[in-house]
Amino acid sequence: MEKVKVVLGVIGTIFSTIVDGMGAIFAVLCVFLLADYVTGIIAAIVEKTFNVEYGFRGFVKKVYIIILIGLITLLERMVFHTNHLADGVSFAYLALEFMSIIENGHRIGVPVPPQVMKVFEKIKCDEDKKKKP
């Protein structure tokens, strides 16, 4: 139990250092990443398509986003002494996570305003067109 406390303390310290230096948008992004992951699991359970392996891959992707933004922050500070790029990348991922949370809500059966669904469907349609050769 002591080892767990130490590990969690170290992780908390590192996270606090990164968040303090990166600004509020990174902290908000972390909340959105967690909300997207949880709502995705709920949606999969509701649809009876829950798959542990798929869920783990989703978790790994969320961790990768956090690592990527952390590395961008470190590199940007070292080279430019700024934080604008990392904030911009965080905001872009924040928007993607928000769209995914809306999609998960729709999959769960939560009513989504028609205007929001119209925009969401347009974006998804454009993405599908880009994926086709």
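Reader: What makes Phe 56, Phe 59, Val 60, Val 63, Ile 67, Leu 71 and Leu 74 a nonpolar surface patch?

Author: Together these residues make a patch of about 660 Å². A patch takes residues with over 30% relative accessible area and no salt bridge, joining nonpolar side chains within 5 Å and like charges within 9 Å. Areas are Shrake-Rupley values with a 1.4 Å probe, and a salt bridge is a Lys or Arg side-chain nitrogen within 4 Å of an Asp or Glu carboxyl oxygen. Please keep in mind that this is a predicted model, where local features need pLDDT of at least 70 and side-chain atom pairs pLDDT 80 or more, while totals for chains, interfaces and linings use all residues. Numbering runs from 1 along each chain as its sequence is written, and side-chain values use heavy atoms, without hydrogens or water.

Reader: Why is Val 60 called partly exposed?

Author: Its relative accessibility is 40%, and partly exposed lies between buried (under 20%) and exposed (over 50%), so Val 60 counts as partly exposed. Val 60 is found in helix H3, residues 52-80.

Reader: How many helices and strands are there?

Author: The protein has 5 helices and 0 strands, following the pattern α-α-α-α-α along the sequence. Helices are DSSP runs of H or I with at least four residues; strands are E runs of at least two.

Reader: Why is the pair of Phe 32 and Phe 98 called tilted?

Author: A search of the whole structure finds 2 aromatic pairs. In the pair of Phe 32 and Phe 98, the ring centres are 6.1 Å apart and the planes stand at 45°. Rings pair with centres within 6.5 Å, and planes under 30 degrees apart are stacked, over 60 edge-to-face, the rest tilted; therefore this pair is tilted. The pair links distant parts of the chain, with Phe 32 in helix H2 (residues 24-46) and Phe 98 in helix H4 (residues 84-108), 66 residues apart. Phe 32, at 22% relative accessible area, is partly exposed, and Phe 98, at 44%, is partly exposed too.

Reader: What makes up the largest nonpolar core?

Author: This core has 10 residues: Phe 26, Leu 29, Cys 30, Leu 33, Ile 65, Ile 69, Ile 72, Ala 86, Val 89 and Leu 94. A core joins buried Ala, Val, Leu, Ile, Met, Phe, Trp, Tyr and Cys through side-chain atoms within 4.5 Å. H2, H3 and H4 each supply at least two of its residues, and the largest share, 4 residues, comes from H2.

Reader: Which residues does Leu 94 touch?

Author: Leaving out residues up to four places away in sequence, Leu 94 touches Ile 25, Val 28, Leu 29 and Phe 32, where contact means heavy atoms within 4.5 Å.

Technical notes. Phe/Tyr/Trp six-rings, centres within 6.5 Å; stacked < 30°, edge-to-face > 60°. Buried < 20%, exposed > 50% of the residue type's maximum accessible area, 1.4 Å probe, protein only.
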